[in-house]
Amino acid sequence: MLRNIPPILSPELLKVLAEMGHGDRLVIGDANFAAASMAKNSILIRCDGLKATELMDAILTLMPLDDFVDKPVMIMDKEPRHADLECPVWDEFKQIVAKYDPRGADACGMISRKDFYKEAKEAYAVIAKLHFMHVQYCKKAAFDKIQQKRKKNNISSKIADICIDNCYF
């Protein structure tokens, strides 16, 4: 019997984590991430309804980050036209990494969208997620409209679900 396995990790994901070794990468994509096409040459794992931060935290309780790489956690950066968009989820990722890696937040780096997609195609596995509603990039007016609709329908959400939550490690 296994003990202390985070319950959000499915048997399929646990198997993939057990198979991974140095140099293998795992992508955690958001609801709009082209996970199926990125995983054509790798393993696609569905983790619908879970936040990227929850998944990262659970995975890192079991699996160390690669210490042969300076920045084993890469977060997809914003496009220049969205420079003013706040993405507090990035700080959450860095705090989670700091709990498990002696390099702290320095183990995290940023990667352009184009390079992220290029790297994702080479990953060992891709985790796909689905939220009720996800907006990868949003302007203040669009965000306010989404929040009003969620309040009207009694749907709660954190800003982390609205901002970018793509990362690979």
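Helices (H or I, at least four residues) and strands (E, at least two) are DSSP runs, numbered from the N terminus. Aspartate 91, for example, is found in helix α4. The views below show a predicted model, in which local features need pLDDT of at least 70, side-chain atom pairs count only at pLDDT 80 or more, and totals for chains, interfaces and linings use all residues. Residues are numbered from 1 along each chain as its sequence is written, and side-chain values use heavy atoms, with hydrogens and water left out.

**View 1. The whole protein has seven helices and six strands.** Along the sequence they follow the pattern α-β-α-β-α-β-α-β-α-β-α-α-β. Of the 169 residues, 46% are buried; buried means under 20% relative accessible area, exposed over 50%, and partly exposed in between (1.4 Å probe, protein chains only). Among contacts (heavy atoms within 4.5 Å) with a separation of 6 or more, 86% join residues 24 or more positions apart.

**View 2. Helix α1 covers residues 11-19.** Its buried residues are Leu13, Val16 and Leu17. Seen down the axis of α1, these fall within an arc of 100 degrees, so they line one face of the helix; the arc is that of the directions from the helix axis to the C-beta atoms. They pack against β1 (26-28), β2 (43-46), α3 (52-60) and β5 (125-128). The face turned away from the buried side carries the exposed residues Pro11, Lys15 and Ala18.

**View 3. Helix α3 meets helix α4 (residues 89-100).** Their axes come within 10 Å and cross at roughly 10 degrees. Axes are lines fitted to C-alpha atoms, for helices over the stretch in contact, and angles run from 0 to 180 degrees between N-to-C directions. The crossing makes α3 roughly parallel to α4; angles under 35 degrees count as roughly parallel. Helix α3 contributes Ala52, Thr53, Met56, Asp57 and Leu60 to the contact, and α4 contributes Val89, Glu92, Phe93, Ile96, Val97, Lys99 and Tyr100.

**View 4. Strand β3 (residues 73-76) is covered on both faces.** Val73 and Ile75 lie on one side and Met74 and Met76 on the other, and all are buried. Four bridges join β3 to strand β4 (residues 108-111), and the two run parallel; strands pair if DSSP finds at least two bridges between them. The bridge partner of methionine 74 in β4 is glycine 109.

**View 5. Aspartate 91 lies in helix α4.** Aspartate 91 counts as partly exposed because its relative accessibility is 45%. Aspartate 91 and alanine 105 are 14 residues apart in sequence and 8.7 Å apart in space, C-alpha to C-alpha.

Terms used:
Angles under 35 degrees count as roughly parallel, over 145 as roughly antiparallel, 65 to 115 as roughly perpendicular and the rest as oblique.
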